[in-house]
Amino acid sequence: MSEQVFLVLTALAEEPLHGYAIVRAVDGLSEGRMRLRVGTLYGVLDRLVAEGLAERDREEVHQGRLRRYYRLTDAGVRVLSAEVARLSANVRAASSVLKARGAL
């Protein structure tokens, strides 16, 4: 799973969000390291919807512009949880090796 996909799934895990809110959430979650461009965001969202990991929640008109909200599906929660477990195991393994070398 790419970091972009991981962060979009994480952003949607809290509540349904529209595109611009997802961009802001990913910026905050990554502490400014990742700034999603609109084309990248909607490519990721289209893929997540096609894979059943996210779905459209609702549409609202805000200041004359349509906002489409997305939310995580139960399958998305399971995939995100599995990825968190995988990454956590990798961090534990790397930490163990670095501690053995005295690098941590």
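Trainee: Where is glutamate 31 found?
Mentor: Glutamate 31 sits in the loop between H2 and H3. Keep in mind that this is a predicted model.

Trainee: Is glutamate 31 buried or exposed?
Mentor: Exposed, because its relative accessible area is 73% and the cut-off for exposed is over 50%.

Trainee: What's phi for glutamate 31?
Mentor: Near 55 degrees, which is a positive value in a residue other than glycine. Most residues other than glycine have a negative phi.

Trainee: And what about glutamine 63, what is its phi and where is its place?
Mentor: Glutamine 63 has a positive phi too, near 50 degrees. Its place is the loop between E2 and E3. With 72% relative accessibility, glutamine 63 counts as exposed.

Trainee: Switching to helices. At what angle do the axes of H1 and H2 cross?
Mentor: Roughly 110 degrees, and the two axes come within 9 Å. The range 65 to 115 degrees counts as roughly perpendicular, so H1 is roughly perpendicular to H2.

Trainee: Which residues make that contact between H1 and H2?
Mentor: From H1, Leu7, Val8, Thr10, Ala11 and Leu12; from H2, Ile22, Ala25, Val26 and Leu29. By class, the contact has eight nonpolar residues, one polar and no charged ones.

Trainee: How do the axes of H2 and H3 cross?
Mentor: The axes of H2 (residues 19-29) and H3 (residues 38-50) cross at roughly 105 degrees and come within 11 Å. That makes H2 roughly perpendicular to H3. Gly19, Ile22 and Val23 of H2 meet Leu41, Tyr42 and Leu45 of H3. This contact has five nonpolar residues, one polar and no charged ones.

Trainee: Staying on H3, which of its residues are buried?
Mentor: Leu41, Val44, Leu45 and Leu48. Down the axis of H3, those buried residues fall within an arc of 100 degrees, so they line one face of the helix. An α-helix has 3.6 residues a turn, so residues three or four places apart point the same way.

Trainee: What do the buried residues of H3 pack against?
Mentor: They pack against H1 (3-14), H2, E2 (54-62) and E3. On the other side of H3, Gly39 and Ala50 are exposed.

Trainee: How far apart are the end C-alpha atoms of H3?
Mentor: 18 Å. At 1.5 Å a residue, its 13 residues should span 18 Å, so the two values agree.

Trainee: What follows H3?
Mentor: Glycine 52, with a positive phi near 75 degrees.

Trainee: Where does threonine 73 lie?
Mentor: In the loop between E3 (65-72) and H4 (74-100). Threonine 73 counts as buried, because its relative accessibility is 12% and buried means under 20%. Leaving out residues up to four places away in sequence, threonine 73 touches Gly52, Leu53, Ala54 and Glu55.

Trainee: Last one, H4. Which residues are buried there, and what covers them?
Mentor: Gly76, Leu80 and Glu83 are buried in H4. Their cover includes H1 and E3. The 27 residues of H4 should span 39 Å at 1.5 Å a residue, and its end C-alpha atoms are 39 Å apart, which agrees. Just after H4, glycine 102 takes a positive phi of about 80 degrees.

Methods. Residues numbered from 1 in each chain as written. Predicted model: local features only at pLDDT ≥ 70, side-chain atom pairs only at ≥ 80, totals over all residues. Heavy atoms only, no water. Axes fitted to C-alpha atoms, helices over the stretch in contact; angles between N-to-C directions. Helix = DSSP H or I, 4+ residues; strand = E, 2+ residues; numbered from the N terminus. Parallel < 35°, antiparallel > 145°, perpendicular 65-115°, else oblique. Contact = heavy atoms within 4.5 Å. Nonpolar A, V, L, I, M, F, W, Y, C, P; charged D, E, K, R; others polar. Buried < 20%, exposed > 50% of the residue type's maximum accessible area, 1.4 Å probe, protein only. Expected span 1.5 Å × (residues − 1). Arc of directions from axis to C-beta.
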